[in-house]
Amino acid sequence: MNCQLTDEEYALVLDFKRDMHMYPELSRQEYETTKKIRAFLEAAGGFEFLPVPAPTGLVARLTGTLKGPEIMLRADIDALPQSEVFESPWKSRVPNVMHACGHDFHTAALLGAALCLKRAKAESLLRGSVDFVFQPAEEGTTGARTLIDAGLFDFIHPEACFGMHNWPSLTTGTVACHEGALMSAKRNFEILIHGSGGHGSMPHLNIDPIVCSSALIMALQTVVSRNISPMENVVLSINMIEGGRPANVVADLVTIKGTVRSLSDAALDRAIDRVKTLVENTALAYECTSEIHWEERIPTVFNTARMRAIAEKCALAAGCQLTDAVPSLASEDFALYRQFAPAFFYWVGSTAPGDAPEDLHRPAFHTDDAALYHAAAIYAASVMEYHD
Ligand code: NI
């Protein structure tokens with residue numbers, strides 16, 4: 001089976017990508033995008049829509065005529081609160097919202113694979129079934145959890161899951177099939193330091209959470225440098241601090257937000273333990289009280305050797321050139337699906353040869369249209385060529 005899009009399929013998918021790019025929607029607001037995906041698949045015909053009760057996003061199934069495995073393919077569909085500066089006729093028409101992470105590219109590629117696999121079914125070549133998961137709210141890494149909690153895995157029982165991200169540092173036509181941890185485990189946190197405010201001229205009668213927070217933030221810098229092996233990759237960043245009122249009043253409360261990440265689950269555990277200890281005891285030392293609120297832990301995107309071998313075969317069958325890439329401390333909630341089935345995550349080259357790479361989440365970010373051919377073929381080949 002040739003997993004390449006036909007010219008006609010490519011034209012449909014490119015139109016979809018351009019329209020989605022012009023009308024981006026933020027996480028959890030992807031209502032029109034969801035309708036457009038559904039309309040595209042309805043127009044193609046032959047897809048069953050699974051009633052997973054999530055407000056946005058969509059799960060569709062295509063069932064082959066031959067016996068075979070059930071495979072899940074996932075694309076994310078949300079955009080970011082940024083203003084696009086890259087000039088094209090398809091520049092975002094929504095103020096301060098843009099597809100700065102290329103989720104329009106992923107969605108269009110998965111729709112392309114849907115057309116290709118439908119063609120395979122018509123030729124009596126499609127074995128088993130395919131679950132097309134169009135996931136909302138990947139930015140902020142909460143959308144996979146929404147679908148899982150909505151019972152996604154009561155509706156589908158895949159033998160394997162495949163996902164991808166466009167990767168600007170790779171050229172169109174190349175794909176990274178990395179073995180091991182590819183993207184970071186992460187835990188975001190919010191720390192509250194409670195003191196007792198009062199007149200700034202009488203600090204001895206108050207408990208100052210700003211002084212405590214200053215000491216805490218400095219102490220937290222020692223987690224990576226003093227508690228984690230230099231051979232491990234851990235990042236701990238404090239990215240927000242807020243507290244206090246006028247210049248002559250001691251604050252009551254300081255709020256601190258940050259993130260801790262690692263490619264190693266054990267190193268992340270150690271860092272989280274140290275954060276807890278430092279927060280509790282620094283607060284105590286400065287006569288404050290503390291609270292920590294942890295967001296859900298996102299595990300690493302981890303590609304096993306077995307899945308890597310399968311994925312490489314699929315990527316080669318899709319006509320791509322294989323490469324490797326340095327793992328990233330960015331996180332991806334595709335990682336959560338690994339609890340339910342063996343999963344593989346590709347990084348797909350998305351910068352045209354000769355074009356300067358523009359990083360994800362930057363206002364001039366863009367993806368090479370021609371890379372859609374490769375991305376769609378990789379998704380489709382992950383079904384057609386899937387076997388141990
Ligand atoms: Ni993304």
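Across this predicted model, the count comes to 20 salt bridges, a salt bridge being a side-chain nitrogen of Lys or Arg within 4 Å of a carboxyl oxygen of Asp or Glu. As a predicted model, it is read with local features needing pLDDT of at least 70 and side-chain atom pairs counting only at pLDDT 80 or more, while totals for chains, interfaces and linings use all residues. Residues are numbered from 1 along each chain as its sequence is written, and side-chain values use heavy atoms, with hydrogens and water left out.

**A salt bridge within a helix**
- Glu42 and Arg38 are joined through their side chains by a salt bridge of 3.1 Å, N to O.
- Because they are four residues apart in helix H2 (residues 31–44), Glu42 and Arg38 are separated by about one helical turn; helices (H or I, at least four residues) and strands (E, at least two) are DSSP runs, numbered from the N terminus.

**The nickel site**
- The nickel ion has Cys101 (SG), His103 (NE2) and His165 (NE2) as its protein donors, at 2.1 to 2.2 Å, where donors are N, O and S atoms within 2.8 Å of the metal (3.2 Å for Na, K and Ca), and sites may look incomplete because water is not among the atoms.
- His103 belongs to helix H3 (residues 103–122) and His165 to strand S5 (residues 160–171), so this pair ties together parts that are 62 residues apart in sequence.

**The two domains**
- An automatic or database domain assignment divides the chain into domain 1 (7–182 + 300–384) and domain 2 (185–294).
- Nine residues from domain 1 and eight residues from domain 2 take part in the contact, which means heavy atoms within 4.5 Å.
- Between the centres of domain 1 and domain 2, taken over C-alpha atoms, the separation is 37 Å.
- Across the interface of domain 1 and domain 2, zero salt bridges are found.
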